[in-house]
Amino acid sequence: MTITVSRVPPNHADFAALVRLLDEEFFSIYGDLYLNYRPHNAAEDLALAAVAYGDRVPAACGGIKPLSADTAELKRMFVKPDYRRQGLARRVVLELEAAACEKGFSRMTLETGADMAAAIALYQSLGYSFTKNYGPYAGDNACVCMTKTLIHEL
């Protein structure tokens, strides 16, 4: 499979279609509880998105949301089930980290479900470490937050 990753605006049709699948999957897992997190996941809050294509098929996505002058948040990470465990999520994260560095961010944070073992393992393998739950996730035991200092290429 040939994998390509493209940076796209958050309103890009392929990104929007993948996010709809993400929302459907999370709603099927978490039900009404998932609706509590929707206000924190608006596409219009994203500075940039990325879509990974497997043999030209949109297969994975993610985005970055500015939180402060130096910190961006990784958002809307999703890989279609048939494309999982093939490195697409890793490629999307790396592309978004590079984009965040280019935009002047020195730190990336994220929130994921406390029960999302595969996602947590991926983020740890990419150098993310656990941090205190921040913002809307503070005090929410269903969530874990992670952070990473970004290395700017010279």
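This is a predicted model: local features need pLDDT of at least 70, side-chain atom pairs count only at pLDDT 80 or more; totals for chains, interfaces and linings use all residues.
Modeller: Residues are numbered from 1 along each chain as its sequence is written, and side-chain values use heavy atoms, with hydrogens and water left out.

Biologist: Thanks! What makes E73 count as buried or exposed?

Modeller: Buried means under 20% relative accessible area, exposed over 50%, and partly exposed in between, using a 1.4 Å probe and protein chains only. E73 has 2% relative accessibility, so E73 counts as buried. This residue is found in strand 4 (residues 71-79); strands (E, at least two residues) and helices (H or I, at least four) are DSSP runs, numbered from the N terminus.

Biologist: What joins the side chains of E73 and Y134?

Modeller: A polar contact of 2.6 Å. The term asks for a pair of N or O atoms within 3.5 Å; within protein, one must be able to donate a hydrogen and the other to accept it, and residues adjacent in sequence count only if both atoms are side-chain atoms.

Biologist: And how do you know that T71 and D70 make a polar contact?

Modeller: Their side chains meet at 3.1 Å. T71 has its place in strand 4 too, and its relative accessibility is 11%, so T71 counts as buried.

Biologist: Which residues does H40 contact beyond its neighbours within four places in sequence?

Modeller: With contact meaning heavy atoms within 4.5 Å, H40 is in contact with K65, K75, P136 and Y137. H40 lies in the loop between helix 2 and strand 2, and its relative accessible area is 23%, so H40 is called partly exposed.

Biologist: Why is P39 called exposed?

Modeller: P39 has a relative accessible area of 57%, so the label is exposed. P39 lies in the loop between helix 2 and strand 2 (48-54).

Biologist: How do you know that the span of helix 3 agrees with its 15 residues?

Modeller: The expected span is 1.5 Å times one less than the number of residues. For helix 3 (residues 88-102) that gives 21 Å, and the end C-alpha atoms are 21 Å apart, so the two agree. Among the buried residues in helix 3 are L88, V92 and L96. Just after helix 3, G104 takes a positive phi of about 95°.

Biologist: What is the phi of D55, and what of R56?

Modeller: D55 has a positive phi of about 50° although it is not a glycine, and phi of R56 is near 70°, again in a residue other than glycine. Most residues other than glycine have a negative phi. Both D55 and R56 are in the loop between strand 2 and strand 3. At 46% relative accessibility D55 counts as partly exposed, whereas R56, at 80%, counts as exposed.

Biologist: Last one: which element gives the largest share of the lining of the largest pocket?

Modeller: Strand 4, with 7 residues. The lining has 37 residues in total, with M77, T112, M116, A119 and Y123 nearest the centre of the pocket.

Notes: On a 1 Å grid over the protein atoms alone, a cavity is a set of points where a 1.4 Å probe fits but cannot get out, and a pocket is an open set with protein on both sides within 12 Å along at least five of seven lines; lining residues have an atom within 4 Å of a point.
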